[in-house]
Amino acid sequence: MPAMKVNNVHTRTLVPAPEARAVDIIDQTALPHEYRVLRLTTLEDAAHAIRSMQVRGAPLIGVTAAYGLALALQQNPDDATLASAVATLATTRPTAVNLHWALAHMQARLLPLDPGERADAAWQEAGAIAEEDAAQCRRIGEHGKALLRPLAEKRGHLNIMTHCNAGWLATVDFGTALAPVYAAFDSGIDVHVWVSETRPRNQGLLTAWELMQHGVPHTLFADNAAGWLLERKGANAIDAVIVGADRIAANGDVANKVGTYLKALAAHEAVVPFLVAAPRSTIDFDCASGMEIPIEERSGDELRVVRGLTGEVDSSGQPGSPGSLRQLPPDEQVANPAFDITPARFVTAIITERGSAPATAEGLRKLYPEDRHA
Ligand code: MRU
């Protein structure tokens with residue numbers, strides 16, 4: 001599978017520049033209206049990028065946190081700096097376990113070293129995590145394609161529904177839920193992706209943008225249309241739903257972007273396969289069930305204020321400029337849980353870099369026999 005591209009140029013979501021003691025990221029808060037690269041040079045930059053969702057998606061959050069430690073340690077490599085940098089990054093976003101996985105991994109590697117060796121080792125280790133993420137996502141794509149191929153052969157084409165953005169923007173390269181789509185598309189399968197808008201932050205627009213960059217046919221729909229679309233039969237019938245995950249509990253329960261659960265319920269009712277694609281770093285074997293997964297509550301302003309291009313297209317064809325529109329007063333009470341839990345019984349299979357398995361404790365144990373299981 002060829003790597004992902006922006007305007008036909010191979011691009012990753014995060015590019016280290018160790019000689020400049022910096023990391024370049026794609027600012028995802030500006031997409032899809034503007035493609036902007038930001039340079040992170042400090043721990044605070046990295047923490048802010050994660051918190052404000054300039055970078056987002058569970059695997060990319062983990063990789064950014066790893067580089068955040070490298071940025072902190074190049075300023076001061078002592079034990080106290082390492083501990084406080086880990087603590088700062090750990091509180092940025094609570095649900096995606098990849099963050100904690102990456103921090104624990106980095107800490108285990110760096111703490112035993114002489115402080116003088118830590119900064120270089122941190123750059124190297126963060127780079128290794130990033131490369132591993134890309135390689136795992138590529139393999140998720142191949143395993144997912146193997147699941148999709150028989151459906152495509154039966155139907156002559158594939159209609160895939162997805163939610164949020166679990167494409168390459170949410171990882172280093174290739175994506176998780178979208179990796180099988182890219183692999184299928186690149187191998188000549190006639191695939192069309194149905195993209196849920198994903199209120200309130202509209203990550204579906206990021207999915208539409210990256211599918212457009214790759215040339216994959218797609219249609220964006222309002223979240224509320226998912227149930228109806230899943231009920232459709234005939235040529236337009238959805239063949240499978242594929243989503244990513246922020247954390248998978250040891251029993252197969254899945255935390256993912258809020259709205260995932262409703263799609264799983266509707267897919268179950270419509271007898272449409274519901275697939276979850278994620279690497280090992282998303283599985284939390286210390287978490288017995290979804291009920292233990294912390295759900296991030298984000299600012300109510302994400303509902304009160306809508307972002308986009310303001311104004312009309314002008315006479316020269318230029319769109320309006322990026323801006324926001326208040327749709328509710330600041331004191332209007334809103335609830336904004338960013339994730340929900342889909343019980344394992346609604347998940348047809350989990351696709352990982354090692355292959356696919358039923359969403360059960362036994363299925364996960366077979367994939368990762370070497371891990372300590374809850
Ligand atoms: O709040 P976000 O945009 O970081 O949430 C992203 C998701 O929910 C993704 O589906 C998940 O992180 C998997 S990304 C490969």
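**Contacts and burial**

Visitor: Which residues does T176 touch, not counting residues up to four places away in sequence?

Guide: A contact means heavy atoms within 4.5 Å. By that rule, and leaving out residues up to four places away in sequence, T176 touches P59, C137, I140, A166, G167, T171, G244, A277, A278 and P279. This is a predicted model, in which local features need pLDDT of at least 70, side-chain atom pairs count only at pLDDT 80 or more, and totals for chains, interfaces and linings use all residues. Residues are numbered from 1 along each chain as its sequence is written, and side-chain values use heavy atoms, with hydrogens and water left out.

Visitor: Where is T176 found, and is T176 buried or exposed?

Guide: Helices (H or I, at least four residues) and strands (E, at least two) are DSSP runs numbered from the N terminus. T176 is in the loop between β6 (158–162) and α6 (178–186). Buried means under 20% relative accessible area, exposed over 50%, and partly exposed in between, with a 1.4 Å probe and protein chains only. T176 counts as buried because its relative accessibility is 5%.

Visitor: Where does UniProt place the feature "active site"?

Guide: UniProt positions follow the numbering used here, feature names are shortened, and annotations may be inferred rather than shown by experiment. The unreviewed UniProt entry places "active site" at D246. D246 lies in the loop between β9 (240–243) and β10 (247–249) and is buried, since its relative accessibility is 7%. Among the residues touched by D246 are A58, N256 and K257.

Visitor: Which residues does UniProt list for "binding site"?

Guide: The unreviewed entry lists R56, G57, A58, R93, Q203, N256 and K257. From this set, R56, G57, A58, R93, Q203, N256 and K257 belong to the lining of the largest cavity. A cavity is a set of points, on a 1 Å grid over the protein atoms alone, where a 1.4 Å probe fits but cannot get out, and lining residues have an atom within 4 Å of a point. K257 lies in strand β11 (residues 254–257), is buried at 7%, and touches residues including R93, Q203 and D246. G57 sits in the loop between α1 (43–51) and α2 and is buried at 11%.

Visitor: How do α2 and α3 cross?

Guide: Axes are lines fitted to C-alpha atoms, for helices over the stretch in contact, and angles run from 0 to 180 degrees between N-to-C directions. The axes of α2 (residues 58–75) and α3 (residues 79–90) come within 10 Å and cross at roughly 145°. A65, G68, L69, A72 and L73 of α2 meet T81, L82, A85, V86 and L89 of α3. These residues divide into 8 nonpolar, 2 polar and no charged. Here Ala, Val, Leu, Ile, Met, Phe, Trp, Tyr, Cys and Pro count as nonpolar, Asp, Glu, Lys and Arg as charged, and the others, Gly among them, as polar.

Note on methods: On a 1 Å grid over the protein atoms alone, a cavity is a set of points where a 1.4 Å probe fits but cannot get out, and a pocket is an open set with protein on both sides within 12 Å along at least five of seven lines; lining residues have an atom within 4 Å of a point.
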